[in-house]
Structure formats: C-alpha cells, structure tokens
Amino acid sequence: FLAPLRMRMSDFDKEFLYKNENEKINIKPFSDFFDEFMKGIRLNLPYLLKLILKLIDIEVKAEFTIEKDNYAPLFTVLIFNFFINPKMQDIYNIDIAKNKSMRYINRIIRNICFKAKFGPSDKCNVFNDIIEDMNKKLNEMIKQIVIEEIDVSDKQKVDNMIKGRNSDVDID
C-alpha cells in the first residue's frame with residue numbers, strides 16, 4: 001500500500017513545499033495516488049485483516065449507536081493504525097522529517113476518511129473538491145471487500161482463523 005506513495009514522494013514534496021501562495025496546488029497527483037492506494041488495498045489486503053475488520057464492524061455496531069454505512073471505525077483501524085502510523089512510515093522509509101509533504105498527505109487522508117472539509121485558510125483546502133468523492137470510493141471499497149465479501153456466520157471457521165488453526169480458508 002505504501003509503495004505508490006514512495007514512488008511519488010518527490011513530486012508531492014515539490015507540490016506542497018515549493019508552490020507560490022498564489023499558485024493553486026495540483027490535486028491530480030494525489031487523486032491518482034489515492035486511487036492506486038485503494039486498488040492496492042483491494043488487491044492485497046490479507047483475508048485475516050478483512051476478517052478482523054468485519055468483526056470490529058459487527059462489535060462496534062452492536063455496542064454503539066452508529067449508522068449502518070459508517071465505516072469510520074474501520075478506517076481508524078486500517079488507515080490510521082497502519083498507513084498513517086509513523087512507525088509503519090519509518091519502515092517504508094517515508095519519514096515525515098525527510099518528506100515534508102507527508103504531514104499534508106496524512107491530513108488529506110484523514111479528512112477523506114471522515115469526509116471533513118478543510119477551512120478556507122488551510123493550504124489543503126484545494127482538496128475539498130475531491131474529499132466527498134474519495135470518501136465515497138473508500139466507503140464503497142470497504143463495503144465490497146469487508147462487509148459484503150467476508151462471511152462470519154460459520155463461528156467455528158472464524159475461531160480457527162483467529163487461533164491460527166488449519167481451516168479451509170486461504171489467508172494469503
């Protein structure tokens with residue numbers, strides 16, 4: 001998931017750091033990256049992580065009053081505990097100190113996850129135009145690959161997966 005970002009870091013750094021205040025930031029590179037990022041999640045998210053996300057969704061909705069299609073808790077687990085986690089970014093050599101644009105990228109992704117717009121004086125407010133659309137795509141992806149795809153009705157199969165026992169589910 002992080003490989004597309006590493007390939008684009010120098011472009012993002014130029015985009016965010018060297019833009020004249022009067023010049024509008026080009027959102028296309030970020031939009032392309034985010035589409036590629038979601039494709040990477042769709043194609044490579046391990047079954048076990050999908051299962052964990054599905055179980056989290058079930059438990060959160062059982063314990064709290066939350067809309068059926070609100071996947072914010074899943075974004076928190078998947079995006080914030082992995083992608084925006086500074087330790088994971090260090091592992092992939094995406095250092096916020098070296099790549100100043102990561103601060104902006106983290107903020108943009110956070111706002112996409114929670115469908116929150118930036119304030120009018122915020123440098124990232126040019127991304128307000130794509131936040132709703134990207135949030136919709138992210139929600140649809142989670143709905144497809146976790147909510148609809150993962151079946152937790154076979155409790156024995158789920159228990160075996162969680163405990164690491166042999167099961168007929170391929171966890172690759």
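**Entry 1: the core**

Which residues of the largest nonpolar core touch the most other members? The core has 40 residues, and L5, F30, F33, F34, I79, I109 and F127 touch the most other members. I took a nonpolar core to be a set of buried Ala, Val, Leu, Ile, Met, Phe, Trp, Tyr and Cys residues joined through side-chain atoms within 4.5 Å. I then asked which helices supply this core: α1 (3-17), α2 (28-44), α4 (72-83), α6 (101-114) and α7 each give at least two residues. Helix α7 contributes the most, with eight residues. In soluble globular proteins, nonpolar side chains tend to be buried together.

**Entry 2: conventions**

I number residues from 1 along each chain as its sequence is written, and side-chain values rest on heavy atoms, with hydrogens and water left out. Since the model is predicted, local features need pLDDT of at least 70 and side-chain atom pairs count only at pLDDT 80 or more, while totals for chains, interfaces and linings use all residues.

**Entry 3: the chain as a whole**

I found eight helices and zero strands in the chain. Helices (H or I, at least four residues) and strands (E, at least two) are DSSP runs, numbered from the N terminus. Buried residues make up 41% of the 172 residues; buried means under 20% relative accessible area, exposed over 50%, and partly exposed in between, with a 1.4 Å probe and protein chains only. The chain exposes about 10,000 Å², of which carbon and sulfur atoms supply 50%. I also looked up contacts (heavy atoms within 4.5 Å). Of those with a separation of 6 or more, 65% join residues 24 or more positions apart.

**Entry 4: confidence**

The mean pLDDT (the predictor's confidence in each residue, from 0 to 100) is 82 for the chain, and 80% of its residues reach 70 or more. Confidence is highest in helix α7 (residues 128-148), at a mean of 95, and lowest in helix α8 (residues 155-163), at 66. Where pLDDT is low, the predicted coordinates should not be read in detail.

**Entry 5: helix α3**

I checked the length of helix α3 (residues 47-63). Its 17 residues should span 24 Å at 1.5 Å a residue, and its end C-alpha atoms are 24 Å apart, which agrees. The expected span is 1.5 Å times one less than the number of residues. The buried residues of α3 are Y47, K50, L51, L53, K54, D57 and V60.

**Entry 6: salt bridges**

How many salt bridges does a search of the whole structure find? I noted six, a salt bridge being a side-chain nitrogen of Lys or Arg within 4 Å of a carboxyl oxygen of Asp or Glu.

E149 pairs with K50, their closest N and O atoms being 2.9 Å apart. E149 lies in the loop between α7 and α8 and K50 in helix α3, so the pair ties together parts 99 residues apart in sequence. E149 is partly exposed at 43% relative accessibility, whereas K50 is buried at 8%.

D57 is buried at 10%, and K61 is partly exposed at 24%.

D122 bridges to R107 at 2.3 Å between the closest N and O atoms. D122 sits in the loop between α6 and α7 and R107 in helix α6, 15 residues apart. D122 is buried at 19%, and R107 is buried at 17%. Finally, I recorded that salt bridges with shared partners join D35, D133 and K137 into one network.

Conventions
Accessible areas come from the Shrake-Rupley method with a 1.4 Å probe; for residues, only the protein chains shown count as cover.
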